[in-house]
Amino acid sequence: MSTTESPQTVTAPISLTSQATKETLEDYTLRFAPRSYRRWTPMVVATTALGGIAYMADFSIGAGIGLAHGTGNALVAIAVAAVVIFITGFPLAYYGARYNIDLDLITRGSGFGYYGSVLTSVIFASFTFIFFALEGSIMAQGLKLGLGLPLWLGYAISTLMVIPLVIYGMKALSKLQVWTTPVWLLLMVAPLVYLISTDPGTVDRFLNYAGTDGDGGVNTASVLLGAGVCLSLIAQIGEQIDYLRFMPPKTEANKRTWWTAVVMAGPGWVVLGALKQAIGVFLAVYILAKVGPAASTEPIRQFRGAFDAMMPSWLVIPLAVALVVISQIKINVTNAYSGSLAWTNSFTRVTKRYPGRMVFVLVNLGFALALMEADMFSFLNDILGFYSNCAIAWIVTVATDIGINKYLLKLSPLQPEFRRGMLYAVNPVGAVAFVVASGLSIAMYFHALGDTLQPYSPVAAAVLAFLLTPLMAVVTSGKYYLRRTDDGIDEPLLDSEGNPSATTYDCHVCHQPYERPDLAACQTHAAHVCSLCLSTDKVGDHVLPAQPSAA
């Protein structure tokens with residue numbers, strides 16, 4: 001604080017920003033995650049991140065595709081989607097772990113601009129409440145089967161129970177995920193191993209299942225329709241990055257474990273996801289004759305059937321319910337947490353006011369509960385098929401900007417930028433590529449371009465985003481990425497090993513210390529301002545002006 005300022009001049013800023021400062025410093029929501037906070041080992045971060053993919057939706061998604069199109073088409077569709085998700089997720093995971101920022105902050109500097117990424121934040125928030133609703137529906141099915149609770153009450157319980165766990169951010173979530181993962185893995189894997197080892201004929205029935213809409217052969221339309229549903233999960237990389245941003249600095253000593261953790265918990269999540277989808281097809285075919293096609297897509301029914309083959313009858317339902325409840329808690333704390341970050345991030349930038357993350361935890365849960373009460377589970381594939389077009393266009397655009405525009409064309413700045421004042425409001429590179437790719441693919445999905453092209457909507461979303469992103473960078477010569485190249489601080493953003501600098505400076509507004517990448521110089525004072533205080537500066541007193549040489 002300057003010695004010329006009276007106590008009265010700083011009272012107002014402190015009171016206005018104290019809530020935001022206190023809450024965002026719990027786990028650095030909306031911010032760069034500083035080195036001083038990132039005390040976990042790479043493997044602890046990876047285990048925590050992978051704990052969030054314990055969701056049961058994969059079993060339903062795989063079962064739905066398999067029953068409709070047959071095992072052959074389902075397995076090829078799952079594999080195609082997994083390859084796309086892995087390739088696009090790798091550069092995003094690397095940037096999140098290397099530079100310790102979440103996917104929205106990556107998106108801002110990778111083709112969308114400071115306000116341009118608000119739209120993609122809303123898309124990501126939609127992803128979290130859609131999948132929260134899906135997991136909540138699965139848990140409600142388990143509570144109905146195991147305890148006889150009506151579905152509406154199960155929906156409410158599955159929603160309300162995660163609130164206490166979400167309040168405390170990364171510290172609480174890391175403990176929850178690490179301790180519950182071994183139990184979850186045992187309950188998921190044991191019945192599958194037992195069925196295959198004691199009744200090998202189940203594998204033959206699984207591989208030969210033709211599906212209700214197929215003849216047993218593999219065809220392009222069925223594969224693409226199935227892959228489109230699987231690709232709705234492409235935005236899951238955002239939730240993985242919400243954990244990966246807490247990776248420790250990459251050094252010569254830890255580079256092997258660092259890379260292993262990033263690949264395993266970043267794009268590698270889809271390997272386990274694809275296996276779960278294939279298991280979903282297997283279990284659905286296994287119980288199909290007993291429960292019928294409608295119930296065979298419900299994970300609680302699938303695992304009840306599997307446990308029934310290896311357990312005493314009195315133990316079957318309790319174990320099946322336990323598996324569903326553990327899975328639902330593990331993923332839905334992540335859905336609620338990540339969704340609240342996405343909503344808060346968008347709201348803060350647009351209104352320049354920080355309302356508190358808990359407000360948007362409740363908003364996200366409200367949307368999810370409404371979807372559950374509307375019985376979204378019964379039209380799951382339709383919702384996911386439509387949503388995947390938006391998610392694919394966004395993720396492919398950002399991944400292409402990093403892989404092509406930054407490293408190959410060198411038109412996009414290599415170091416990510418997210419601070420207000422440093423970026424243009426909207427960058428046409430990402431904005432145009434995303435809008436065109438998602439718009440045309442959605443039109444195709446709804447048969448606007450004919451029935452023949454409808455199955456190809458996810459392919460269109462990916463191809464258009466991949467082609468338009470570098471094309472727009474070339475057309476604009478990359479001049480809309482940075483509004484400024486100089487943030488007014490002499491010290492480099494990165495240290496000698498390429499990690500974000502750990503040097504701290506005090507913020508002139510909230511009077512808290514922050515590490516170098518989270519600050520910029522103040523326009524009106526010889527001081528520094530943190531990224532959140534820049535975001536909430538309603539009159540722009542602290543925001544640096546545009547720098548002509550940046551264009």
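Which residues touch the most other members of the largest nonpolar core? The close-ups below start there. This is a predicted model, in which local features need pLDDT of at least 70, side-chain atom pairs count only at pLDDT 80 or more, and totals for chains, interfaces and linings use all residues. Residues are numbered from 1 along each chain as its sequence is written, and side-chain values use heavy atoms, with hydrogens and water left out.

**View 1. Leu-92, Phe-131 and Trp-394 in the largest nonpolar core.** These three residues touch the most other members of a core of 132 residues. A nonpolar core here is a set of buried Ala, Val, Leu, Ile, Met, Phe, Trp, Tyr and Cys residues joined through side-chain atoms within 4.5 Å; buried means under 20% relative accessible area, exposed over 50%, and partly exposed in between (1.4 Å probe, protein chains only). Helix H16 gives the most to this core, with 15 residues. Helices (H or I, at least four residues) are DSSP runs, numbered from the N terminus. Setting aside residues up to four places away in sequence, Trp-394 touches Leu-103, Thr-107, Phe-112, Thr-120, Ile-123, Phe-124, Ala-235 and Phe-434, where contact means heavy atoms within 4.5 Å.

**View 2. Asn-332, a buried residue of helix H16.** Asn-332 has a relative accessible area of 0%, and its helix spans residues 313-351. Its side chain reaches the backbone oxygen of Phe-132 at 3.3 Å. A polar contact of 2.9 Å also joins the side chains of Asn-332 and Asn-335. Such a contact is a pair of N or O atoms within 3.5 Å; within protein, one must be able to donate a hydrogen and the other to accept it, and residues adjacent in sequence count only if both atoms are side-chain atoms. Beyond neighbours within four places in sequence, Asn-332 is in contact with Phe-131, Phe-132, Glu-135, Gly-136 and Val-162.

**View 3. The buried face of helix H13.** Trp-258, Ala-261, Val-262 and Ala-265 are buried in this helix, which covers residues 255-265. Seen down the axis of H13, the buried residues fall within an arc of 95 degrees, so they line one face; the arc is that of the directions from the helix axis to the C-beta atoms. Their cover includes helices H2 (42-51), H4 (71-99) and H12 (236-244).

**View 4. Cysteines without a disulfide.** The whole structure holds zero disulfides, meaning pairs of cysteine sulfur atoms within 2.5 Å. The sulfur of Cys-507 is 3.7 Å from its closest cysteine sulfur, in Cys-510, which is too far for a bond. For Cys-530, the nearest cysteine sulfur, in Cys-533, is 3.5 Å away.

Terms used:
Helices (H or I, at least four residues) and strands (E, at least two) are DSSP runs, numbered from the N terminus.
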